[in-house]
Amino acid sequence: MASISNLANLTPAASTNSRSSSSSSVLPRSFVNLRSLNAKLSSSSHLSLRHNQQIRPSLFVRCSASGGNGSAAKRTTLHDLYEKEGQSPWYDNLCRPVTDLLPFIARGVRGVTSNPAIFQKAISTSNAYNDQFRTLVESGKDIESAYWELVVKDIQDACKLFEPIYDQTEAEDGYVSVEVSPRLADDTNGTVEAAKYLHKVVDRRNVYIKIPATAPCIPSIRDVIASGISVNVTLIFSIARYEAVIDAYLDGLEASGLDDLSRVTSVASFFVSRVDTLMDKMLEKIGTPEALELRGKAAVAQAALAYKLYQKKFSGPRWEALVKKGAKKQRLLWASTSVKNPAYSDTLYVAPLIGPDTVSTMPDQALEAFIDHGTVKRTIDANVSEAEGIYSALEKLGIDWNKVGEQLEEEGVDSFKKSFESLLGTLQEKANTLKLASH
């Protein structure tokens, strides 16, 4: 895609004549002033599906067998994944125009995830955001507030596309996820305030507010759930932390005081490929034949044990009491499903993790591979004893799973912070160019 290179020569969109309002309130540390968004975004949230819009090249164009004759979309393995095995395929990407998601939905995608890295790529490499950004800058918006307005519009428009799925599944699917500022990863109260405000500003039934599973944010998850807001808990890298996430969800449901819990839902995003990336380096450093034999096996093994824990925690008297109020299980979501090592199968982090009441969110690479040659078959709990053996074997080699999780969490948070800061820097440069050109 073309880069944002010359904002000064752009013509503002006809509908962008609103002015920002001032705010005297104090928002959470490192959050942004979104107060002026409510009225503006509620009026600009209508999604126009332009029939003459050209869809960008994608795997779905390549896979389509309709020949442009108006015939129904071809069934794919994604439809089978959901209908036969109860796993929801989501797409781990979002950019403008969001109508690019239409062929993905037609091919079986049932939700969308985003993160600071995804928005960094989308906004910094596309001209599609230029008109709105120009108007925001000219109206006096600071850079971070402008960033959030760009993000919120994308989320709102994507939510509109997925609303039918949300309604058809009675709030089990059709979600679009947006993450709180990565600057808040160690700020418990700031995360709660940011999540509530972002939820209010987006104002869509099928939005998931993403909160990282850092130790300071575990209480945040509980409080946000208790306030009736649905949450996508992200950056989970260890079983110990995953159990804390489940407990936060259950605690939040119990503390909510709601008689009907059916619309307060959650997913727990358990990251996969990054586990092998780090573990493989550790195993290669150990260097023994036993260690080298375990390369590429740690991530899937840990994920299988996470699913075992999921089955245990969402059963029994405590859970049954919540079910009577309409509570839904916090589904496990497999994240980071693209393969980093080209020596491994390109469906390594999708095919072995298929099971009911789960979600697999896939970027283009993994999605294309699974549609092309993936096999739909329940696999997540097919070899639990083998997974336990691999997990134990790694411990015997001196690998501390919790320390691995802590390192990956720190790296994940840092990565999102860098993407966030990089994008703000890029937007500042464009704003400076625009201001210089206007004088």
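Predicted model: local features only at pLDDT ≥ 70, side-chain atom pairs only at ≥ 80, totals over all residues.

What follows covers confidence, cavities, a pocket and a strand.

Residues are numbered from 1 along each chain as its sequence is written, and side-chain values use heavy atoms, with hydrogens and water left out.

The average pLDDT (the predictor's confidence in each residue, from 0 to 100) is 86 for the protein chain, and 82% of the residues score at least 70. Residues 1–71 are another story: pLDDT stays under 50 there. For that stretch the model has 135 contacts (heavy atoms within 4.5 Å) beyond four places in sequence.

Searching the whole structure turns up three cavities of 30 Å³ or more. On a 1 Å grid over the protein atoms alone, a cavity is a set of points where a 1.4 Å probe fits but cannot get out, and lining residues have an atom within 4 Å of a point. Grid points are joined across faces, edges and corners, and a volume is the space filled by probe spheres set on the points.

The largest cavity holds about 50 Å³. Its lining includes Glu179, Pro212, Leu235 and Phe416, and splits into seven nonpolar residues, one polar and one charged. (Ala, Val, Leu, Ile, Met, Phe, Trp, Tyr, Cys and Pro count as nonpolar, Asp, Glu, Lys and Arg as charged, and the others, Gly among them, as polar.)

The second largest cavity comes in at about 40 Å³. Among its lining residues are Asn115, Phe119, Trp148 and Glu179.

## An open pocket

A pocket is an open set with protein on both sides within 12 Å along at least five of seven lines. Of its 28 lining residues, Asp92, Asn93, Ile118, Lys121 and Pro363 lie nearest the centre. By class, the lining has eleven nonpolar, ten polar and seven charged residues.

## Strand E5

Helices (H or I, at least four residues) and strands (E, at least two) are DSSP runs, numbered from the N terminus. Strand E5 (residues 266–271) is largely enclosed by the rest of the structure, because six of its six residues are buried, meaning under 20% relative accessible area with a 1.4 Å probe, protein chains only. Ser266, Ala268 and Phe270 cover one side, with Val267, Ser269 and Phe271 on the other.

E5 pairs with strand E4 (residues 231–236) in the parallel sense over four bridges; pairing takes at least two DSSP bridges. Valine 233 stands opposite alanine 268 in E5.

Conventions
Buried < 20%, exposed > 50% of the residue type's maximum accessible area, 1.4 Å probe, protein only.
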